[in-house]
Amino acid sequence: MTPSSNPFIAVVDAFRSPIECFAAIHERPKWAFVPYLLIILGPFFFWGAYFNHVDLPWLQQTLTSQLGNVEQEVQEAWLSKEVLLAGEVFSDVIGRTAALFVLALWLNLSTKSSTYTHSFGKWLAAACFIMLPAVIGDLASYLNAVFNTSQILPNAADLNSLNGLLKLPLNSLWSPFTTTIPLLMPWYIALSYAVVSAWTDFDRAKCIIVAALPWLMTLLIWPLLIIAA
């Protein structure tokens, strides 16, 4: 096994050979700035393309009908192209950054019993590479926004999310859940498994549990809360 030689090769290795990628990141965690930039820049290109191609009057009318009674002044202030674009980009950037920190915190705490312990900073670097497949989803979403001739609401346009497949309306009780759950979750779990197995002395079963548990808990607990509400 030969660790990745530079941060750009590490990005490629995250898809091609994760073990080599994480071996390099263990020694050079600062390389994580490259995947982080890719992760947060993706929404700028995707949402820019979406709002450049969507029929804005149709979008405003549909959002108004699905979100209930909205005063005319509020529509003019909050349903403009610029505000909608800024809101989607801001939501994605903040949401993805928060997800990175939460994932890093989970990996840091759940591996404390390992003989080999690592700092939160190293797990944060690993999290940036774990979430790197989101860039693939951004590319697919961008191409869909550019070449799809049908009109799609923002919560169904992001192919990174489950709602990109289900396309539930905004006023659906399940829309926040399906919009948040990533379609690429199995890929994230696989990369989490790779780094936990590479950086700790856990056996295979424990590595799988650490990699999958936070995602599975989200899939189980959130729907139960929706049903119970």
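**Figure 1. Surroundings of Cys-21 in the predicted model.** Leaving aside neighbours within four places in sequence, Cys-21 of this predicted model is in contact (heavy atoms within 4.5 Å) with Ser-4, Ala-10, Asp-13, Ala-14 and Phe-129. Cys-21 is part of helix α2; helices here are DSSP runs of H or I with at least four residues, strands are runs of E with at least two, and both are numbered from the N terminus. The relative accessible area of Cys-21 is 0%, so the residue counts as buried; buried means under 20% relative accessible area, exposed over 50%, and partly exposed in between, with a 1.4 Å probe and protein chains only. Between Cys-21 and Thr-200 there are 179 residues in sequence and 15 Å in space, C-alpha to C-alpha. Residues are numbered from 1 along each chain as its sequence is written, and side-chain values use heavy atoms, with hydrogens and water left out. Because the model is predicted, local features need pLDDT of at least 70 and side-chain atom pairs count only at pLDDT 80 or more, while totals for chains, interfaces and linings use all residues.

**Figure 2. Salt bridge between Arg-16 and Asp-13.** The side chains of Arg-16 and Asp-13 meet at 2.4 Å, N to O; a salt bridge is a side-chain nitrogen of Lys or Arg within 4 Å of a carboxyl oxygen of Asp or Glu. Both residues belong to helix α1, and being 3 residues apart they are separated by about one helical turn. Arg-16 is exposed at 58% relative accessibility, whereas Asp-13 is buried at 1%. Asp-13 is also one of the contacts of Cys-21. The structure holds 2 salt bridges.

**Figure 3. Salt bridge between Arg-96 and Asp-138.** The closest N and O atoms of Arg-96 and Asp-138 are 2.7 Å apart. This pair links distant parts of the chain, with Arg-96 in helix α6 and Asp-138 in helix α8 (residues 134-147), 42 residues apart. Arg-96 is buried, its relative accessible area being 13%, and Asp-138 is buried as well, at 4%. Side chains of opposite charge can pair when their charged atoms come close.

**Figure 4. Largest pocket.** The volume of the largest pocket is about 1,200 Å³. Pockets are found on a 1 Å grid over the protein atoms alone, as open sets of points with protein on both sides within 12 Å along at least five of seven lines, unlike a cavity, where a 1.4 Å probe fits but cannot get out; lining residues have an atom within 4 Å of a point. Grid points are joined across faces, edges and corners, and the volume is the space filled by probe spheres set on the points. The lining comprises 41 residues, and Gly-95, Arg-96, Thr-179, Thr-180 and Ile-181 are the closest to the pocket centre. Helix α6 gives the most to this lining, with 14 residues. Among the other helices that each supply at least two lining residues are α4 (56-66), α5 (72-78), α9 (154-157) and α11 (175-180). By class, the lining has 27 nonpolar, 10 polar and 4 charged residues; Ala, Val, Leu, Ile, Met, Phe, Trp, Tyr, Cys and Pro count as nonpolar, Asp, Glu, Lys and Arg as charged, and the others, Gly among them, as polar.

Figure 5. Not counting residues up to four places away in sequence, Phe-22 touches Ala-126, Phe-129, Ile-130, Leu-191, Ala-194, Val-195 and Trp-199.

**Figure 6. Phe-44 in helix α3.** Phe-44 is partly exposed, at 46% relative accessibility. Beyond residues up to four places away in sequence, Phe-44 touches Val-89 and Val-93. The C-alpha atoms of Phe-44 and Phe-90 are 9.2 Å apart, and the two residues are 46 apart in sequence.

**Figure 7. Lys-167 in the loop between α10 (163-166) and α11.** Lys-167 is not a glycine, yet has a positive phi of about 55 degrees. At 40% relative accessibility, Lys-167 is partly exposed.
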